[in-house]
Amino acid sequence: MPKKVITFGEVMMRLSPPGYKKFSQATSFELVYGGGEANVAISCAYLGMKAAHVTRFPDNALGKAATQFLRKHWLSTEHVIYGDNMLGKYFLEKGAVHRPSEVIYEREGSSFSLIKPSMLDWEDVLKDADWFHWTGITPAISEGAYLSCLEAIKTANKLGIMVSGDINSRNNMWKYGKKMQEVIPTLVEHCDVVISSSRGIREMFGLGEPKDKFQDLAIALINLFPNVRKVIKKTRRTLSASHNQIQGKMWNGEAYIKSDMLNITHIIDRVGTGDAFAAGLIYGLLHYDDKQALAFASAACALKHTVPGDVNMVSLDNVKNLMDGDTSGAIKR
């Protein structure tokens, strides 16, 4: 039977000027839907896993359209709930060469931000799952989102389900009276797998110094939270907005592992690449050893740079071929 992953978080409408136009040039916007956790679930579904996303949409036509988007990409939406009137949105101006991308968010007061723990029965949601995934964005949105995420993680622990958190410091999102330094540790202490950065570990947990290497910070994090088994980082070397290099790094409690550096020379869309890495990691850790899992995650991440939109719609064979060293891009007949 295919493995099953459950994700939890907000799904937003993404609006972008066509091509690489600036906001000031736009007379129309291209529309897609996306959210970090939903992107992970969809990527896992395209890799052949069973996947479901849990979220809250407005009870109107936009909420139904966003639900259809999830269904279109093979996700179960049986645990999507509805209420209030606003769908979160963000505007993306895509960068090119030496001009960076720009993002503007409009999510305050969205239906998801008004979610409460009592709205979800996590034992029912997670009853047949193999993995639960969350990101640091969700607990930053509102106290209700934070408490709902915490309940989900604790329920997953109770049911023996693996839990991963993709967390990085985003100070400007925390607007409801709590700081990330008091919230994120309460979630991470119940996780099996943590994806973060050296800066994120320093800022969220007060560990280490700016000069410390990722391996040392990862060891310190596992010492602080004994339930955490693996700490993973995606390294990006930015040569230009169109040319990046990607590498995965992992401390698994016993060994420090690095994937090969992948060269991405013609970036189509950078949004969602971290989510593609997380999805590849989840698939990899459920099917391979740690070294292969990291190589699989890095390959999945690299391929997302070639796909427009938030979601990594590549197949298992696509990722395996790149993981095995096929960088030709030759037509498959």
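A residue is called buried when its relative accessible area is under 20% and exposed when it is over 50%, with partly exposed in between (1.4 Å probe, protein chains only). The model on display is predicted: local features need pLDDT of at least 70, side-chain atom pairs count only at pLDDT 80 or more, and totals for chains, interfaces and linings use all residues. Residues are numbered from 1 along each chain as its sequence is written, and side-chain values use heavy atoms, with hydrogens and water left out.

**Helix α2**

Select residues 61–72, which form helix α2; helices (H or I, at least four residues) and strands (E, at least two) are DSSP runs, numbered from the N terminus. Colour G63, A66, T67, F69 and L70, the buried residues of α2. Viewed down the axis of α2, the buried residues fall within an arc of 150 degrees, so they line one face of the helix; the arc is that of the directions from the helix axis to the C-beta atoms. These buried residues pack against β3, α1, β4, β5 and β6, where contact means heavy atoms within 4.5 Å. On the face turned away from the buried side, select the exposed residues A61 and K72.

At the start of α2, a side-chain oxygen of N60 comes to within 3.1 Å of the backbone nitrogen of L62. After the helix, W74 has a positive phi, near 75 degrees.

Now display the open sheet of four strands, with order β3-β2-β7-β8 and mixed pairing; two strands pair if DSSP finds at least two bridges between them. Strands β3 (30–34) and β8 (102–106) are at the edges, each with a single partner strand, so one side of each has no neighbour in the sheet. Strands β7 (residues 89–93) and β8 run antiparallel and are joined by five bridges. Select F91 to find its bridge partner in β8, I104.

Finally, select R107, in the loop between β8 and α3 (122–126). R107 counts as buried, at 14% relative accessibility. Among the residues it touches, not counting those up to four places away in sequence, are E10, K89 and M173.

Key. The expected span of a helix is 1.5 Å times one less than its number of residues. A polar contact is a pair of N or O atoms within 3.5 Å; within protein, one must be able to donate a hydrogen and the other to accept it, and residues adjacent in sequence count only if both atoms are side-chain atoms.
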